[in-house]
Amino acid sequence: MFCFLNYFTLQILTVNFAKVTQPYPEEPSREAVVRWGSRTTDILAKLHESVPKCGIELLPWVQLYREDRPIPWWSSATRGFRVGFYGNEHAHLMEEFPGTHSFQGFVADMPVYLRWLQALVVDRGARLVHYKAESLASVISLNQCQQAKVLFNCTALGSLALSEVHDENLYGLRGQTIELTRPPELNFGMEDAHFVGPNEEECVYIIPRHATCIVGGTFNVHCTSEVDEDATERILQRASKLVPSLRKSTVVKIHVGIRPKRHGGPRVELVENLLRIPVVHNYGHGGSGLTLSWGTALESSQLAQKFLPKASL
């Protein structure tokens with residue numbers, strides 16, 4: 001098995017973020033999101049229990065709302081969902097956010113997690129090849145692919161440029177976050193889902209890593225990679241209001257990345273007649289990459305199974 005990468009795993013923008021298992025509420029295919037999210041949650045739970053150094057941590061997650069909300073449709077894909085706060089440690093927020101939901105969320109320290117995943121696929125026989133593709137046909141024409149039975153297209157925003165795909169439903173959703181030193185008492189993740197700021201493209205979230213934490217962030221529908229200093233200041237002010245101990249934290253780095261968002265939700269689809277071998281598409285996860293990752297990967301492998309009857313996917 002060969003993995004052809006435009007950028008090697010540890011160079012891609014995902015490493016600049018922390019991830020928590022929670023679907024974006026506007027995903028249109030609700031049944032699919034719950035199915036993919038539930039399967040991912042089950043696998044992350046097993047990794048958390050059996051592979052302590054893979055970068056997956058289970059933490060209380062607090063979703064802040066200023067008014068009462070119905071139980072979200074994606075709650076069944078989480079663990080320990082409840083209306084209200086866990087305990088009294090967030091008492092200073094209860095009056096302002098009476099409609100809060102809480103659950104147990106799996107958080108990934110992405111640099112650690114991606115290194116572990118890369119080592120896993122290499123250990124199972126995959127070879128990583130640095131290759132910039134302009135088309136899917138150019139990939140399967142390579143010497144390494146002459147015996148290939150199926151091609152998996154997991155190119156994210158790259159599917160805008162691939163000549164056979166050119167998926168115009170894809171667009172970049174810019175995210176700017178700040179990496180801070182983690183206060184010792186920060187043992188939970190938190191998000192105020194109320195969008196504010198210029199064009200209402202910003203909200204507050206705080207996601208712990210091992211020694212640092214990620215605070216954000218922006219959801220800008222454009223693809224500039226430049227740091228917005230004004231946004232940095234707004235993010236710090238909002239996050240410190242929710243977690244006052246962050247005022248004593250030190251800025252480690254400011255990150256900017258582009259989420260591969262897609263109108264219609266992620267594309268997980270088998271196309272049999274596009275090339276000389278079948279193609280399985282798996283891209284367009286937006287900000288829900290970790291949440292849906294294992295679920296969409298398993299479904300993609302099932303779509304390819306009839307072409308690889310003896311393979312263990």
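I took rings of Phe, Tyr and Trp (its six-membered ring) as paired if their centres lie within 6.5 Å; planes under 30 degrees apart count as stacked, over 60 as edge-to-face and the rest as tilted. I worked on a predicted model, where local features need pLDDT of at least 70, side-chain atom pairs count only at pLDDT 80 or more, and totals for chains, interfaces and linings use all residues. Residues are numbered from 1 along each chain as its sequence is written, and side-chain values use heavy atoms, with hydrogens and water left out.

Entry on aromatic rings. By this rule I count four aromatic pairs. One of them, Tyr-113 with Trp-116, is stacked, at 6.3 Å centre to centre and 15° between the planes. I note that these two residues are about one helical turn apart, because they lie three residues apart in helix 2 (residues 110-123); helices are DSSP runs of H or I with at least four residues, strands runs of E with at least two, numbered from the N terminus. Tyr-113 is buried, with a relative accessible area of 3%; buried means under 20%, exposed over 50%, partly exposed in between (1.4 Å probe, protein chains only).

I next looked up Tyr-205 and Phe-219: their centres are 6.3 Å apart and their planes at 65°, so the pair is edge-to-face. Tyr-205 belongs to strand 10 (residues 202-208) and Phe-219 to the loop between strand 11 (212-218) and helix 4, so the pair ties together parts 14 residues apart in sequence. Both residues are buried. With Phe-195, Tyr-205 and Phe-219 form one aromatic cluster.

Entry on Glu-233. I place Glu-233 in helix 4 (residues 229-242), and Glu-233 counts as partly exposed because its relative accessibility is 43%.
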